[in-house]
Amino acid sequence: MSAVAQLPAAALVVPTAAPWSGRLAVMDRGQRMKLAIGAAVLVAVAVAAIVMGRQPDWRVLYANLGDKDGGAVIAQLATMNVPYKYAEGGGAVMVPADKVHDVRLKLASQGLPKGSVAGFELMENNRFGMTQFQEKLSFQRGLEGELTRSIQALGSVQSARVHLALPQQNGFFREQQKPSASVLLSLYPGRTLERSQIAGIVHLVASSVPELAPGAVSVLDDSGKLLSNTGDAAGTAGAVDGQQLAYVQQLEQQYTRRILDILEPVVGRQNVKAQVTADVDFSQTEATSEEHKP
């Protein structure tokens, strides 16, 4: 027969941890407060981590909205239960990234925003397989939108539209056409634009398009009145722009001062008057030459 070892029952008892109630009973009041504060901090950290993990990626829905359009868009977003927030400075309305396109389509079906102008964000919608013509058209529409936004930033301009005529260039220099642009302005009631502001709009558009001359930019108001001075079809009867006029005035003042400096020491300061009218030819010519060397 095999011998079986028997252990006393007390040796088989595994010591267990004291229950929490017993430990809490042993702690004093200060230790209990510390334990409660630590538990509260852990819960707060866990909740913050969950909230930050669920926070959506925000993207711009619309930017540079007017007060009327902005209020209508915000009211519609609240009706649709779509969360939104403002960018820094309040210049843009932002929504979760996964809802941008859906919200834009729904707002567009309701005609909102009425005064929105799309700029280079149109390039974000370029899809794979687009033709070169579609890409060029999308870039042109984006450039027109960006110019419209810049012009509408003027205090007297209520709304604006920019039309760019960008011809298709080919490899023959003689047959290349120059681009042109038209700007239609709608001013606030009782507001007007100074000549310098109109010249600024013309040069803003001309500087944004390669090979676009300021004389090829037409600026009109909502009544159809031509505000800018453009040249004729041949480009020879163009009016003097602001920079050319300033150059003429500077030239006249310079010659007047030189004449007075020469005559005043001879006849006396109060005994001579001089006036100069300068007629400066600002016409430009373009020549093309081809050389063939055998």
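Tutor: Reading from the N terminus, the chain's elements go α-α-β-α-β-β-α-α-β-β-α-β-α. This is a predicted model, where local features need pLDDT of at least 70 and side-chain atom pairs count only at pLDDT 80 or more, while totals for chains, interfaces and linings use all residues. Residues are numbered from 1 along each chain as its sequence is written, and side-chain values use heavy atoms, with hydrogens and water left out.

Student: How many helices and strands is that, and what makes a stretch count as one?

Tutor: Seven helices and six strands.

Student: Why is H5 called roughly antiparallel to H6?

Tutor: The axes of H5 (residues 132-152) and H6 (residues 195-208) cross at roughly 155° and come within 11 Å. Axes are lines fitted to C-alpha atoms, for helices over the stretch in contact, with angles from 0 to 180 degrees between N-to-C directions. Angles over 145 degrees count as roughly antiparallel (under 35 is roughly parallel, 65 to 115 roughly perpendicular, the rest oblique), so H5 is roughly antiparallel to H6.

Student: Which residues meet there?

Tutor: From H5, Leu143, Leu147, Ser150 and Ile151; from H6, Ile201, Leu204, Val205 and Ser208. Contact means heavy atoms within 4.5 Å. By class, six of these residues are nonpolar, two are polar and none is charged. Ala, Val, Leu, Ile, Met, Phe, Trp, Tyr, Cys and Pro count as nonpolar, Asp, Glu, Lys and Arg as charged, and the others, Gly among them, as polar.

Student: How do you know whether glutamate 264 is buried or exposed?

Tutor: Glutamate 264 lies in helix H7 (residues 242-267). Buried means under 20% relative accessible area, exposed over 50%, partly exposed in between (1.4 Å probe, protein chains only). Glutamate 264 has 14%, so it counts as buried. Leaving aside neighbours within four places in sequence, glutamate 264 touches Arg257, Arg269 and Val272.

Student: And what makes asparagine 81 exposed?

Tutor: Its relative accessible area is 65%, so asparagine 81 is exposed. Asparagine 81 sits in the loop between helix H3 (67-79) and strand S2 (85-86). Its phi is near 60°, a positive value in a residue other than glycine.

Student: Where is glutamate 211, and why does it count as exposed?

Tutor: Glutamate 211 is in the loop between H6 and strand S6 (217-221). At 54% relative accessibility, glutamate 211 is therefore exposed.

Conventions:
Helices (H or I, at least four residues) and strands (E, at least two) are DSSP runs, numbered from the N terminus.
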